[in-house]
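Thanks for sending this one over. Here are my notes, as numbered points, to read with the structure open beside you.

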There are 2 protein chains.
Amino acid sequence: MTLEQEINQSNTYYLSHDVAVIHKKPTPIQIVNVDYPKRSAAVIKEAYFKQASTTDYNGVYRGFYIDFDVKETQNKTAFPLHNFHQHQIDHMRQCIAHGGICFALIKFVFLDQIYLLKASDLFSYWDAMENDDGRKSIPLADVQKLGTEIKYKIQPLIPYLSAVDQLINEIS
Amino acid sequence: MTLEQEINQSNTYYLSHDVAVIHKKPTPIQIVNVDYPKRSAAVIKEAYFKQASTTDYNGVYRGFYIDFDVKETQNKTAFPLHNFHQHQIDHMRQCIAHGGICFALIKFVFLDQIYLLKASDLFSYWDAMENDDGRKSIPLADVQKLGTEIKYKIQPLIPYLSAVDQLINEIS
Ligand SMILES: [Mg+2]
Ligand SMILES: [Mg+2]
């Protein structure tokens, strides 16, 4: 399973156990040509993938607006920042400005380790890269120090909302 | 312009003026067949529209999770409840249970009038229809009494967040 599939499964658990309402946004598609056959469903005949203008997931948990993205890296020593796009960073900054809780779930596939990295930490490295011609990745050791590791469980598979509880405690 | 287009334009205004971050979710699509031509973008060759499992819009405003749907009716005397699907009603109930603010923006096209109807009022009519074999629509007079009319302005075109302020005041 990809990390996204694992998160989707965890969100289904959270929803059915009345813990939180968090969904993956559909993939944005530019539709060019649609066929409307008689007596059957419309068929999209030509369409293209559009770049998402926001993050992949949002929803509500404990009264808070939650917004995050899920990223996997094959890199063994660092998380490459090019996994994010400028507009995703901008979107998270906007959400935080209005009281939302934003973060990234990062999986180091080779290590089979998942970390929740809060958006403010991500922004520090992003800004350093942009402003000072700094490094284009976050060292694994920094992700491990700043982030919260999320260990696989049975139910939910990825209990990431426990790490979100910590973020909520920090701001409450 | 459709009401959706007008709301999208209003959301763009709200975003650019740092008032709220509210986006329309992309239309969910079931992709069946994709072509990956060399040296050009992937082309979706066969896909189908899926029924949305949630509402059309969500985001964050004044620290609150906001979730709503936009509906237009040509009906002159009532809002037909079949404009909603059961899973949209369920989704709004779930969001409210976790502290979200949910509502419908309903436009009576013939009257050129838009109302914000809070989800709890919508639920009353929905439940009456389901449980008591009650009427399958909300009379216009009831929408006018229970809802808040939103008059067109220049910027934003549909200042619906003023009506949301009232909902926030009620629960704060
Ligand atoms: Mg992603
Ligand atoms: Mg709609």
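1. Strands here, like helices, are DSSP runs numbered from the N terminus (strands E, at least two residues; helices H or I, at least four).

2. Before going further, some ground rules. This is a predicted model, where local features need pLDDT of at least 70 and side-chain atom pairs count only at pLDDT 80 or more, while totals for chains, interfaces and linings use all residues. Residues are numbered from 1 along each chain as its sequence is written, chains are lettered from A and ligands numbered from 1 in the order in which they are written, and side-chain values use heavy atoms, with hydrogens and water left out.

3. Strand 4 and strand 5 (residues 64–73) of chain B pair antiparallel over five bridges; two strands pair if DSSP finds at least two bridges between them. B:Tyr61 stands opposite B:Phe64 in strand 5 of chain B. Strand 4 of chain B also pairs with strand 1 of chain B, again antiparallel, over four bridges, and B:Ile22 has B:Gly59 as its bridge partner in strand 4 of chain B.

4. Which residues cover the two faces of strand 4 of chain B? B:Tyr57, B:Gly59 and B:Tyr61 lie on one side, B:Asn58 and B:Val60 on the other, and all are buried. Buried means under 20% relative accessible area, exposed over 50% and partly exposed in between (1.4 Å probe, protein chains only). In a regular strand the side chains alternate between the two faces of the sheet.

5. On to the interface. Contact (heavy atoms within 4.5 Å) links 34 residues of chain B with 34 residues of chain A. The buried area, meaning accessible area (1.4 Å probe) that two parts lose on being put together, summed over both, is about 2,800 Å², and carbon and sulfur atoms give 69% of that. Strand 1 (21–24), strand 2 (29–35), strand 3 (43–49), strand 4 (57–61) and helix 2 (86–97) of chain B each supply at least two residues of the side that touches chain A. Strand 3 of chain B gives the most, with seven residues.

6. Finally, strand 3 of chain A and strand 3 of chain B run antiparallel and are joined by two bridges. A:Ala47 stands opposite B:Ile44 there.
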